[in-house]
Amino acid sequence: VNNHVSPIFNNKGEVDAAAIVSIDITRQKELERQKDEFIGIASHELKTPITSIKAYGQILAAMIDQSSVPPTFTQLLTKMNAQIDRLIKLIYSLLNTSRIAGNQLTLQLEPIDLNGLLEEHVRQGQLTTSRHRITFIGEKLPSVMADVERMGQVMDNLISNAIKYAPKGGDVIVRAESRGGWVRVSIRDFGVGIPKEAQEKIFDRFYRVNDASAGGTSGIGLGLYICREIISRHQGQMAVESIPDEGSTFYFELPVYTERQ
Ligand code: ADP
C-alpha cells in the first residue's frame with residue numbers, strides 16, 4: 001500500500017488534521033509479477049525448439065545441391081532462415097526482459113577496447129543492408145570494463161534501429177571517442193526521427209512511437225529498454241537526441257577502466 005500524508009491547516013496556519021490517501025498497489029504489483037513470470041517461462045520454452053529449427057535450416061541450406069533444385073527452393077530456404085533469425089531475436093528480447101525484471105541479467109566483465117568490437121558490429125550491420133552506408137569513425141580509446149556479448153547486443157540493436165528507422169536508406173555514422181573519464185559511442189542516422197514527447201518514453205518496456213507501427217516497421221518495443229538496462233548495469237548512461245524527419249543520434253557512455261577498480 002502506498003500512503004500519502006498531507007497536513008490540513010486551519011485559518012491560523014496551524015496543522016489541524018492530516019489527510020491520508022492510501023493506494024493499494026499490491027494487486028498492480030502482482031499482475032506485473034505474473035506478466036513477467038509468464039514472459040520468462042514462455043520465452044524459455046520457445047528457445048529450445050527454435051534453436052533446433054535454426055540448426056536444421058542451416059543443415060538443409062548446406063546440403064542443397066543448387067544445380068538440382070529449382071531456384072525458388074533456395075530462395076524460400078533463405079527466406080525461412082532469415083525469419084527464424086528474427087524469431088530468435090524476439091525470443092531473446094523477451095528472455096532478457098524477464099531476466100531484467102527478476103534481477104538476473106548477469107555480466108561477464110573484462111577490460112575491452114570498444115574499437116574492435118564496434119568495427120565488427122558495423123561490418124555485420126552493413127551486411128544486412130544495401131541501401132545504407134555505415135561508417136565507423138574511431139580514435140585511440142582507453143579500455144572499459146564490459147561484457148563483450150551484452151555490449152555487442154547494444155551495438156547491434158542501435159545499428160539495426162538506425163537502419164530500420166531510416167527506410168529510405170542513407171548514411172549511418174558510428175563514432176567512438178574518449179572524453180575525460182568516459183568513452184562515448186554514438187550512432188547517428190538521417191531517418192524518421194523521434195518527436196520530443198516520445199524521446200524519454202522509447203526506453204520504456206513495449207513503448208513504440210505510433211508512427212513506427214503505422215509505418216509498418218516490425219518490433220515490440222523492447223530493444224532500447226534492454227540496451228539502457230545493459231548500459232546502466234555497466235555504470236554508464238544512454239540517451240538520444242533527435243529531430244523528426246531529420247534523424248536521430250543515440251549515444252552511450254561508459255566509464256574508463258583504471259587498474260585500481
Ligand atoms: P522496436 O524497434 O522493436 O519497436 P525499440 O525499443 O528498439 O523497439 O525502439 C522503441 C521505439 O523507438 C521504436 O518503435 C521507434 O518508434 C523508436 N526508435 C528507436 N530507434 C529509432 C531510430 N533510430 N529512429 C527513429 N525512431 C527510433
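Me: How far is the side chain of Tyr165 from an oxygen atom of the ligand?
Reply: An N or O atom in the Tyr165 side chain lies 2.8 Å from a ligand oxygen. Lys164 has a polar side-chain atom 3.0 Å from an oxygen atom of the ligand, and for Ser248 the distance from a side-chain N or O atom to a ligand nitrogen is 3.4 Å.

Me: How much of the ligand does the protein bury?
Reply: The protein buries 96% of the 530 Å² that the ligand exposes when taken alone. Those areas come from the Shrake-Rupley method with a 1.4 Å probe; for residues, only the protein chains shown count as cover.

Me: Is this an experimental model or a predicted one?
Reply: This is a predicted model, where local features need pLDDT of at least 70, side-chain atom pairs count only at pLDDT 80 or more, and totals for chains, interfaces and linings use all residues. Residues are numbered from 1 along each chain as its sequence is written, and side-chain values use heavy atoms, with hydrogens and water left out.

Me: Back to the ligand. Which residues come nearest?
Reply: Asn161, Tyr165, Asp189, Arg208 and Leu224 do, out of 21 residues around the ligand. Being near means that a heavy atom of the residue lies within 4 Å.

Me: Which element gives the largest share of that shell?
Reply: Helix α4, with three residues. At least two residues each come from α4, α6 and β9. Helices (H or I, at least four residues) and strands (E, at least two) are DSSP runs, numbered from the N terminus.

Me: Which residues of α6 are buried?
Reply: In α6, residues 223-233, they are Gly223, Leu224, Tyr225, Ile226, Cys227, Ile230 and Ile231. Buried is under 20% relative accessible area, exposed is over 50%, and partly exposed is in between (1.4 Å probe, protein chains only).

Me: What do they pack against?
Reply: The buried residues of α6 pack against α2, α4, β8 and β9. Just after α6, Gln235 has a positive phi of about 60 degrees.

Me: Next, Arg150. Where is it found?
Reply: Arg150 is in helix α4. Arg150 is buried but has no salt bridge, and Asp147, the nearest side chain of opposite charge, is 4.8 Å away. A salt bridge needs a side-chain nitrogen of Lys or Arg within 4 Å of a carboxyl oxygen of Asp or Glu.

Me: Then what is Arg150 in contact with, leaving aside neighbours within four places in sequence?
Reply: Its contacts include Asn96, Arg99, Ile230 and His234. Contact means heavy atoms within 4.5 Å.

Me: How many salt bridges does the count come to?
Reply: Nine. One of them joins Glu253 and Arg184, with the closest N and O atoms 3.4 Å apart. That pair links distant parts of the chain, Glu253 in strand β9 and Arg184 in strand β7, 69 residues apart. Both Glu253 and Arg184 are buried.

Me: And Glu37 with Arg33, how far apart are the closest N and O atoms?
Reply: They are 3.1 Å apart, in a salt bridge. Glu37 and Arg33 are separated by about one helical turn because they are four residues apart in helix α1. Glu37 is partly exposed at 43% relative accessible area, and Arg33 is partly exposed at 42%.

Notes
Lys, Arg positive; Asp, Glu negative; His and termini not counted. Polar contact = N/O pair within 3.5 Å; in protein donor to acceptor, adjacent residues only side chain to side chain.
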